[in-house]
Amino acid sequence: MMFKLEEIVQATNAEIIKNTTGIKDFSISTDTRKIKGGEIYLPLKGESFDGENFLTQAIEAGAEGCFISRDTYPENANLVLKVKDTKVAYLELSRFLRRKYNPHVIAITGSSGKTTTKELIYSVMNEKFKTHKTFSNHNNEIGFCETLMTMPEDTEVLIIEMGMRGLGEIELLSKYSEPDFAVITNAGSAHIGRLGSLDNIAKAKSEIVKFLNPNGVFVSQNNDRIKKFAKFNGKTIYYELSDATILDRLPSYSKFTYKNKVYELNVEGDYNIENSLSAIELGEQLGMEYQEIKDGLFAYRPIEKRWETQNIGGYSIINDSYNANPESMKASVSTFIKLYKNTLVILGDMGELGEHSLELHRGVGEYLKQIPECKDTQFFTVGNLAKEISDTLKDTAKFVKNFENNNEVSKYILDNVNVGTTIFLKASRSMKFEEIIEKLKGEIKV
């Protein structure tokens, strides 16, 4: 995205300290390693870095100018703009773009399923509109700004995923994105270690409606905690899985009816059906035809490490280890063991659960042992926390074993698990379960 100097000053209330440039249009860069000629370097700051320490490198790399919040700057900079806070300036520039090009803005948050829901909604919207979305899971304030800075000028629908690690963060994203539509997929126990209670989690998620367009629409899972904290006086739509009638559950395929219309997904899992209901509702609110919504849902494909299937030396491996919390682990594992035969489930530690960690890991085991197919399934766990799951399942599952690390579990699979087994991987990203896959690839001659 390009800005005129007067637009930058208007958006950020910057003070022009120096201006000897002959350039009229500028783009913004926050990374000295990717600076291009004519760009303005905007230095960001974090707990362990300060971008203002690299002003000289930015100018030497070709930047036309820079933002500063202190009084020092490189003498060879042609344009110097002073602001109180460079991150706030980045957010203000992003909001300026949101207002200038004025797409329909859809904001999405939730304890689990928000990235999948974002992709489902994108798949539907893209059938009719020029649509732009948050890349991958870049769902913090910097990811928000990057999304706006890369938005094509003719964007009609902008989809913003909003993550959080504490109270106030989603409110900030809502403030600068000014959404027309807001979606909360659920409010579960993810991040309970940081927020302390399920009520605080629901409260944090509900901040998404703080700056929702009064004439907009709030779409949410039918959840009592969300209803308690998400106060919006405009149009509100609640949905839940029971609103749909499921017609088919097969590996990599779901078929269901919703509001007397038939839809299909090229993924399994009742939770994916529930997530898709918000996409249907948004499509209807934006005037899409039934066939457009149906085609958009059917076109959806999971992104990397979300139910990613591959065959390695006769093992069929489903990698769903992009992230994990108690709700998503229960939902995905139960779906897997109900749909597949000759199964092995490998589960790892779930992070950010704080003092509730042991209890919530045990809860996953208690939930899974109630599923009849559990008795036909092998369960491996990796890590001290995940051991709580396997300890709970040891008298119910077909076979249970805990391992200290990924290398151990990979070696055990190669030595003891029959070829033809379908293996499911689920853990928090910090467990690096891709190491298991890479180890198997390295040892098996494909």
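What follows is a short tour of the cores and strands of this predicted model.

Let's start inside. Nonpolar side chains in soluble globular proteins tend to end up buried together. Here, the largest nonpolar core has 74 residues, and the members touching the most others are Ile8, Ile28, Phe67, Leu93, Phe218, Val333 and Phe379. Helix α3 (residues 86-101) gives this core its largest share, seven residues. Take Leu93 for a closer look: leaving out residues up to four places away in sequence, Leu93 touches Phe3, Ile8, Ala11, Thr12, Ile28, Leu42, Phe67 and Met149. Another core, of 31 residues, lies apart from that one, and its members include Tyr239, Ala244, Met288 and Tyr300.

Now for the strands. The pairing of β2 with β7 (residues 79-82) is antiparallel, over four bridges, and Asn19 has Leu79 in β7 as its bridge partner.

Next, find strand β19 (residues 343-348). Six of its six residues are buried, so β19 is largely enclosed by the rest of the structure. Thr343, Val345 and Leu347 cover one side, while Leu344, Ile346 and Gly348 are on the other, all of them buried. β19 runs parallel to β22 (residues 422-426), joined by five bridges, with Ile346 opposite Leu425. Five bridges also join β19 to β20 (residues 378-382), again in parallel, and Leu347 has Thr381 as its bridge partner there. Finally, β19, helix α13 (residues 357-368) and β20 form a right-handed β-α-β unit.

Conventions. Residues numbered from 1 in each chain as written. Predicted model: local features only at pLDDT ≥ 70, side-chain atom pairs only at ≥ 80, totals over all residues. Heavy atoms only, no water. Core = buried A, V, L, I, M, F, W, Y, C linked by side-chain atoms within 4.5 Å. Buried < 20%, exposed > 50% of the residue type's maximum accessible area, 1.4 Å probe, protein only. Helix = DSSP H or I, 4+ residues; strand = E, 2+ residues; numbered from the N terminus. Contact = heavy atoms within 4.5 Å. Pairing = 2+ DSSP bridges. Right-handed = clockwise from strand over helix to strand, strands pointing away.
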